[in-house]
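Subject: Structure handover

Hello,

Here is the structure we spoke about, for you to look through. My notes follow below it.

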Amino acid sequence: MYKLGLIGFPLTHSKSPLLFKIFFEIAGISGEYRLFEIPSRRLFYWTASEVFASGFSGINVTVPYKPDAFYFAEKKSDIALRTQSVNLLYFKDSLIIGENTDYFGFSESLKTLDSLKITKKAAVIGAGGSARTILAALIDFGFEKIYITARSIKKAHLLASQYANHSSSEMIVIDPDDKINSELDIVINCTPAGMFPDVDQLPQGFQLLNFVRKGGAAYDLIYNPQKTKFLKEAEKRSLRIKNGWEMLVLQALKTFEIITDIKLDIKIVLRELENN
Ligand code: NDP
């Protein structure tokens, strides 16, 4: 019996218990997935320790505790170190390992967008935790020029500087209202602007959609609602769109694979999810 869970706050709308219930069913193994909705950082360290002491194999971590999970991990994977982000803690060889499965989720999801790399230019809106992971994935995907914009331009510069010396991609920080003289393959919204219940919001910098080439794409990490205002704006410009649902499922599948050594087929999983 596998014991897994999620630490974060708030967790009221978490889809993870449903995802893992389906993973366990498809794999034909027994397991439980518990939510630990905790209101303070001090309780994060206590809860994480207790969880491992009581026989949990692993625990996912979401906002606002990903930075704490990074420090809690006794050893980090290469990608967790590179992105400075941990969303999975698991026990292996007597050590608590920190992993970033969001990186795998986004990278795999990007591969499903055919013919994406034409101009090899991408743009990221937002400079928070997820943007750090998305940047690493875009660099590894082979984008040569990556524009970064955020309402706090200082944070965008900080983010760019973290990768500038360790990447073959060029990072260019721009103001949200700036025009660019390049055609982009894709723009990714890494902000919560437009997420339920604030569905009428657009992220500052959404105008970057105007610079996406014909046949290019818009990606929103948000999955509730399924079609954000940002994605509706992209559709108005005839762009291909993708929301954060597939990424969410794929990062959870990566967690499942790390813990159980079982790799499930995303197509089967998505079909099962549709029936639930
Ligand atoms: P953070 O809080 O770490 O960062 C959010 C960033 O968005 C900050 O740079 C913030 O700016 C900026 N921001 C907030 N509102 C606006 C706005 N109206 N216009 C422009 N910028 C804005 O959050 P995360 O990076 O962790 O998450 C971002 C989104 O991605 C969330 O909606 C989250 O649910 C989603 N997500 C989805 C995943 C998936 O699997 N699909 C995985 C991870 C995240 P400032 O610093 O100035 O406040």
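Some background before the rest. This is a predicted model, in which local features need pLDDT of at least 70 and side-chain atom pairs count only at pLDDT 80 or more, while totals for chains, interfaces and linings use all residues. Residues are numbered from 1 along each chain as its sequence is written, and side-chain values use heavy atoms, leaving out hydrogens and water.

Ser182 is found in the loop between β9 (170-174) and β10 (184-189) (strands are DSSP runs of E with at least two residues, helices runs of H or I with at least four, both numbered from the N terminus). Its side chain and that of Tyr147 are joined by a polar contact of 3.0 Å (a pair of N or O atoms within 3.5 Å; within protein, one must be able to donate a hydrogen and the other to accept it, and residues adjacent in sequence count only if both atoms are side-chain atoms). Setting aside neighbours within four places in sequence, Ser182 is in contact with Lys121, Tyr147 and Phe211 (contact means heavy atoms within 4.5 Å).

Next, the sheet. An open sheet of 6 strands runs in the order β2-β1-β3-β5-β6-β4, with mixed pairing (two strands pair if DSSP finds at least two bridges between them). β2 (31-37) and β4 (75-76) are at the edges with a single partner strand each, so one side of each has no neighbour in the sheet. β1 (residues 2-8) pairs with β2 in the parallel sense over 7 bridges, and Leu4 stands opposite Tyr33 in β2.

Last, the aromatic rings. The structure holds 15 aromatic pairs (rings of Phe, Tyr and Trp, the last by its six-membered ring, with centres within 6.5 Å; planes under 30 degrees apart are stacked, over 60 edge-to-face, the rest tilted). One of them is the edge-to-face pair of Phe23 and Phe256, at 5.5 Å centre to centre and 65° between the planes. Phe23 lies in helix α1 (residues 16-27) and Phe256 in helix α9, so this pair ties together parts 233 residues apart in sequence. Both Phe23 and Phe256 are buried. Phe20, Phe23, Phe24, Tyr33 and Phe256 form one aromatic cluster.

Regards

Methods: Buried means under 20% relative accessible area, exposed over 50%, partly exposed in between (1.4 Å probe, protein chains only).
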